Amino acid sequence: MKMRTTPAGPAPLAGMARLLVPGCLGLLLPLTAAGQAAPGKSSTLINGWLQQQSTLWKDWDIGGEARARVETYENASPASPAADFQASGVDNDDTFILTREKFHVGYQHSWFRFYTEVRNSNSSGEDARGRPGEDRLDLQEAHVSLGDLKTFPLQLQAGRMELSYGDERLIGRSDWGNITRSFDAVRLRFQEDSFWADAFVSRVVVPRDGRFNQSNEKDHFWGLYGGVKKLFPWQDLEVYFLGRNTDAPNRARVGSRDIYTVGVRAVSPRNSLGNWDYAIEALHQFGNITQSGRQRDQDAWAATVAAGYTWKDTWGTPRLGFEYNFSTGDSDPNDGKSQTLDNLFPTNHKLYGIMDVVGWRNIHNPMARLQVKPAPTLTVNVDYMFFWLADTADYFYPQSGSGRNGLGYGRNASYDSFVGSELDVDVIWSAARWLNLRAGYSHFFTGDYIDQSKRAVGGSKDADWAYVQATVVF
């Protein structure tokens with residue numbers, strides 16, 4: 001078995017058993033979800049020790065983290081999604097090690113804040129793409145903030161930052177990956193007790209190992225995102241309008257597009273419905289996108305509905321939840337219209353299966369989720385989910401990148417739409433204030449669509465993935 005690098009993705013069961021500043025935009029506090037104010041000082045071991053020594057350190061935030069993960073997978077290699085679930089003839093097994101270190105320094109006093117963080121990402125082995133999980137010693141964040149939302153409702157932030165909104169289905173840090181996503185951006189926030197709104201312009205940072213990371217100068221991502229807290233006693237409401245204007249060629253090899261996404265998200269605040277909770281999101285995407293040298297009108301829809309019930313007075317406070325995710329597929333590649341969602345800059349790992357073989361594109365995805373907490377510091381998650389293609393005339397898409405094409409995959413309009421199902425088990429233990437341990441296992445059961453796609457190239461086979469991870473915060 002080869003050792004190979006992969007970005008954020010999964011890896012084989014048998015293997016584990018055997019084993020400062022880019023110009024004006026280069027300076028911010030992370031954009032946060034659901035209208036929360038940008039965070040202040042973090043509670044780290046270094047902060048605690050320094051503040052015990054002197055009150056001069058009370059405005060400073062100094063700390064970091066070190067994370068190591070071993071992943072192993074069989075029959076589902078992120079390095080080559082077209083080889084996923086193939087029974088023979090390809091190398092789609094892998095085992096690799098990912099390590100990541102971060103160190104930050106921040107200062108906050110009254111209306112002024114600054115924050116900077118460096119990151120070092122390393123990975124074992126390599127594949128045909130080089131070392132996609134590796135980006136040694138680079139700038140993750142560096143930003144300034146002017147304004148104190150506690151005393152005045154406006155705040156201006158500018159610099160290199162991490163963006164995170166809602167469930168991170170469209171805008172997220174992708175922190176599971178060995179290289180956390182960041183943007184060079186400017187944001188203006190308005191915030192009152194019950195209402196908040198952000199206006200931002202940004203460019204995504206493109207990791208390049210061995211060089212200082214720069215943002216994609218031809219990929220402009222901007223938007224308005226706001227929310228009303230407790231519009232009703234049982235509901236918070238968020239609305240957004242997002243634009244992405246990209247020219248090719250560019251640093252990240254993204255095709256040309258001018259697309260716009262309008263959406264709404266409703267969620268129940270904690271404890272507002274007793275033992276029940278829910279979240280609903282729906283969006284429409286329009287504009288135009290260039291594919292194979294041809295400009296096509298963008299017309300895509302997506303939605304998610306989730307609800308759960310928690311037995312708060314039962315041992316382990318179990319929560320049983322059900323969720324359904326949908327995104328349109330492209331019914332005709334020759335009609336001048338694209339109906340495949342551009343899911344922008346998401347955090348996929350926690351949403352559509354921790355095996356990371358599916359994204360929010362051309363999919364029907366119902367699932368059941370069970371969470372149990374045997375102890376206050378121990379959480380066990382068990383998910384079971386199903387996948388159907390929304391339209392078999394479109395591709396079966398991985399979590400990111402182009403649709404699976406080749407080795408039997410393609411626009412197989414005559415095939416059955418059932419892709420398969422996935423079982424996930426994920427265990428999280430906060431062993432100490434400074435130590436977090438995680439382990440997980442997934443099995444993907446192939447369905448008729450995969451079986452039919454692979455029939456002519458050696459047949460299909462289920463896939464397995466497992467991982468162990470440790471994070472130390474200091």
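Student: Which residues are linked in a network of salt bridges?
Tutor: Asp167, Arg169, Glu238, Arg265, Glu323, Arg369 and Asp383. A salt bridge here is a side-chain nitrogen of Lys or Arg within 4 Å of a carboxyl oxygen of Asp or Glu. This is a predicted model: local features need pLDDT of at least 70, side-chain atom pairs count only at pLDDT 80 or more, and totals for chains, interfaces and linings use all residues. Residues are numbered from 1 along each chain as its sequence is written, and side-chain values use heavy atoms, without hydrogens and water.

Student: What does Arg265 form a salt bridge with?
Tutor: Asp167, with the closest N and O atoms 2.8 Å apart. The pair links distant parts of the chain, 98 residues apart.

Student: Is Arg265 buried or exposed?
Tutor: Arg265 counts as buried, at 6% relative accessibility. Buried means under 20% relative accessible area, exposed over 50%, partly exposed in between (1.4 Å probe, protein chains only). Asp167 is partly exposed at 23%.

Student: And Arg169, what is its salt bridge partner?
Tutor: Glu323, at 3.1 Å between the closest N and O atoms. They are 154 residues apart. Arg169 is buried at 5%, and Glu323 is buried at 10%.

Student: How many salt bridges does the structure hold?
Tutor: 32.

Student: New topic. Which residues have the most contacts inside the largest nonpolar core?
Tutor: Phe396 and Phe444, in a core of 49 residues. Such a core is a set of buried Ala, Val, Leu, Ile, Met, Phe, Trp, Tyr and Cys residues joined through side-chain atoms within 4.5 Å.

Definitions and conventions:
Helix = DSSP H or I, 4+ residues; strand = E, 2+ residues; numbered from the N terminus.
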